[in-house]
Amino acid sequence: MRADSAAITARALGGRLPSHAEAMSLATEDNVPALMSAAATLRDDGFGSLVTYSRKVFIPLTQLCRDVCHYCTFATTPRNLDRPYLSIEQVVEIARQGAAAGCREALFTLGEKPELRYRAAREALAEMGYASTVDYLEAAARAVFEQTGLLPHLNPGNLTAEEFARLRKVSASMGIMLESASDRLTEKGMPHHGSPDKIPAVRLATLDEAGIAKVPFTTGILIGIGETRAERIESLLAIRDSHDRHGHIQEIIVQNFRAKPGTRMASAPEPDLEEMLWTLAVTRILFGPHMSLQAPPNLSPGVLPRLVDAGINDWGGVSPVTPDYVNPEAPWPHLDQLARETYGAGKLLHERLTIYPRYAQHYGVWLDPALQTAVLRQIDAEGLPRTDDWTPGADIDPPTHDLERIGRQPDPRRVSPRLMEILSRAGGGERLDEADIVTLFAARGEDFTAVCAAANALRKQMKGDEVSFCVNRNINYTNVCYFKCQFCAFSKGKLSENLRGRPYDLDIAEIQRRVKEAWDRGATEVCMQGGIHPEYTGDTYLTIVKAVKEVCPDIHVHAFTPLEIWQGAATLGMEITPYLERLKAAGLGTLPGTAAEILDDEVRAIICPDKINTAQWLQVMEAAHKVGIHTTVTIMYGHVDRPEHWARHLLRVRDLQAKTHGFTELVPLPFVHMEAPLYLKGQARKGPTFREAVLMHAVARLVLHPLIDNIQASWVKMGHLGVSACLEAGCNDLGGTLMNETITRAAGAAHGQETSPARMRAMIEAEGRTPRQRATDYGPVNSERVAAGLGAGELIPIVNTPARRYERKRRPTLHRPGLDVTETLPYTGFQPGAVEQEFVDAMHL
């Protein structure tokens, strides 16, 4: 490679894209292997081991076109068609066949503005009641989406701003191939002569209009139609400039010309493999590591691994149902064959949606509200489609393909070098950064196996083969709450009328009865937390602790979320630290680390805007640790969050632990979606995938090592099979037997309310591990407690004391720390406003 080219590629590898002048100088660089090497490295930096494809159905809405491109066999004339347009019924039937075959994308391909050239097109549109092809496309796309659920991708050609605005409402993405920015190709004798829609300035204006309209957009170049290498680079730079302005180009396609009989270019030479490889490599260098680069697999049969070597990360749409109507001579490869050839290139094939992952993740910007829920319910945290039916809390077995990757050693030849380097640093106790942790969460295939194996090796190093559990009882003393957490199906108040159960507020006698029964059944701990009742004050929590200790002095009180601590202190006009000291003196042992959700205010602003914010949660925990109260810490994930949020959460926990050493364990809590308000409103995902849930436990082990050495799995949310998998991925603790569980079941979980000590032991022993009943502080439990737990009888059915009707003269103060607001409600003998009505509704006044 020439010295100047080597310098350009070195700067690209260092994160600086080539300038226009530098890019143009690559037109004369002929060292294809060196270009490919740089391109492959860039691709790996952005996409790791994945190569994606979209499972699509191809819908040729019309093959009439006003343009006359000299290489095209898709466009034809009215006399060669039974009818100018497919009917809506035909369109929907094709889409239904695709949906039945597992397709997610409906690719609409059509000629451009045929009504401007053909009377037959104008008459057909008029007969159907449409003024233009774009109008009809809008109706057809809407019908497909509404009747089949497939996500439309539209390729209608050049569009105005008004047309983009309309079509955006019925499509998840759109596209137009620039093909070339060279005006020379529109001259007489060239392939675009006589095609007004192929004028580069017109096509580039459409690219910009798409960006202004916030449409996830696909474009690219067609090589081998008479353009020079320099003209290819000029075309790519024009695309890059548009993307720099608007950020909307989700993929670049490099398509190689194929000569077709019956066209004016039937005898034209096709670009050879080296030309294709050169173009792919240069494209990757010009766009860097994060732009998706696609090459159609059906146009380069037999050499697909070479295309991977040149820097691509996507094969485009592949249909198990319909042919490639644009290139009918080139059949799609079978998906099994495509997976084998991708694997042969050292990569893992994975499905994607028509909207690319980074755009799906930011659906609020890039999707019309009408399509957002449909996309959210299909994707994981990275924006890739879910490929199995497992969700947290559901009575569904974990996917076999994930289970088979856990509990074995990875093939080191197929693990990403960057991942191996991160795992090495994590094993040495080094603090990873956000990008490192996001890379761990992206692990799939052998990378996933490697992360699980590394976490499990650390678990064995730190904790041996013991798996601990605690015999405890959950007591949720009220489900009345004036906060509006959008993930919560437990609390009763505004927007919760259709959720499970009636409002209740346990009296002290019932709390004491449950504590005594728990002790008789072998419990060493009661875990207590509840909604933020408008009538509760800091004295309420003190009374509860004293009542527990009065009836059972030896039981450990693990109680009160940081939100309850904050609210309790605020209602008494106290600072956090002295209030914690009062609770400790009353008998409080430890704090549960709930209300953490995701410790990132970008997420909290969506799921719990009025709750304590990240800094406030950490402030309560630091204060607790300083007064000698240890705490757990949780992470509730899989809703609107992304891997970078998970990384920030874990790093904030690690940093506080390095300062205080007060956290005893981390408890991942996967979002249970079924009855959660945010999900029912169509604004959340369906919880994490099984792979993500297992990774959360494994990555937590790696990130928090060696500062937190207990990682717990929740059998309530993961199920017993899920817990078994987590035990092979870094977990050493199964939490409590619970006796009663209401919060997760209110959200729709089906895994029961109690796992007995005997069942815990059996589950642990089945994994070849040693069970150990523990105390809250992970210390030993005496034999009397163990025997009591193993011999426990059936629970007496619980009675939830109904929430009483409150006197209207009361003036409760509502503290909303997340909003930095304190509200004193006036008398209710007047017409209440929104905030007041919320309280009135919650109390059933």
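Q: Which residues is Val 451 in contact with, leaving aside its neighbours within four places in sequence?
A: In this predicted model, Val 451 touches Leu 419, Leu 423, Leu 440, Ala 443, Leu 695, Ala 698, Val 699 and Leu 702. Neighbours within four places in sequence are left out of that list. Each partner counts because it has heavy atoms within 4.5 Å.

Q: What makes a set of residues a nonpolar core, and which residues have the most contacts inside the largest one?
A: The members must be buried, and their side-chain atoms must join within 4.5 Å. The largest core has 142 residues. Val 451, Met 528, Phe 560, Leu 591 and Trp 617 have the most contacts inside it. Helix α28 gives the most to this core, with eleven residues. In soluble globular proteins, nonpolar side chains tend to be buried together.

Q: Which residues does the second, separate core include?
A: Val 51, Val 170, Ile 233 and Ile 312 are among them. This core has 85 residues.

Q: Why is strand β1 called mostly covered?
A: Buried means under 20% relative accessible area. In β1 (residues 50-62), 13 of 13 residues are buried.

Q: How do you know which strands pair with β1?
A: Pairing takes at least two bridges. Five bridges join β1 to β9 (residues 348-352). Three join β1 to β8 (residues 314-318). Six join β1 to β2 (residues 105-110). Each of these counts reaches the cut-off, so β9, β8 and β2 each pair with β1. The sense is parallel for β9, for β8 and for β2.

Q: Which residues stand opposite each other in these pairings?
A: Tyr 53 faces Glu 351 in β9. Ser 54 has Gly 317 in β8 as its bridge partner. Pro 60 stands opposite Thr 109 in β2.

Q: Why is the contact between Lys 198 and Glu 179 called a salt bridge?
A: The cut-off is 4 Å from side-chain nitrogen to carboxyl oxygen. The closest N and O atoms here are 3.3 Å apart. The pair therefore counts. Lys 198 and Glu 179 are both buried.

Q: What makes Arg 691 and Asp 380 a link between parts of the chain?
A: Their side chains meet in a salt bridge at 3.9 Å, N to O. Arg 691 lies in helix α28 (residues 690-704) and Asp 380 in the loop between α15 and α16, so the pair ties together parts that are 311 residues apart in sequence. Arg 691 has a relative accessible area of 6% and is buried. Asp 380 counts as buried too, at 3%.

Q: Are Lys 659 and Glu 622 buried or exposed, and how do you know?
A: Buried means under 20%, and exposed means over 50%. Lys 659 has 57%, so it is exposed. Glu 622 has 17%, so it is buried. The two form a salt bridge with the closest N and O atoms 2.7 Å apart. Lys 659 sits in helix α26 and Glu 622 in helix α25, so parts 37 residues apart in sequence are tied together.

Q: How many salt bridges does the rule give, and which residues are linked in a network?
A: The count comes to 59. Glu 434, Asp 600, Glu 602, Arg 642, Glu 644, Arg 648 and Arg 652 form a network of salt bridges.

Q: Where does pLDDT stay under 50?
A: Residues 491-500 stay under 50, with 26 contacts beyond four places in sequence. Residues 743-751 also stay under 50, with 39 such contacts. Where pLDDT is low, the predicted coordinates should not be read in detail. The chain averages 91, and 92% of the residues score at least 70.

Note on methods
Residues are numbered from 1 along each chain as its sequence is written. This is a predicted model: local features need pLDDT of at least 70, side-chain atom pairs count only at pLDDT 80 or more; totals for chains, interfaces and linings use all residues. Side-chain values use heavy atoms; hydrogens and water are left out. pLDDT is the predictor's confidence in each residue, from 0 to 100. Buried means under 20% relative accessible area, exposed over 50%, partly exposed in between (1.4 Å probe, protein chains only). Helices (H or I, at least four residues) and strands (E, at least two) are DSSP runs, numbered from the N terminus.
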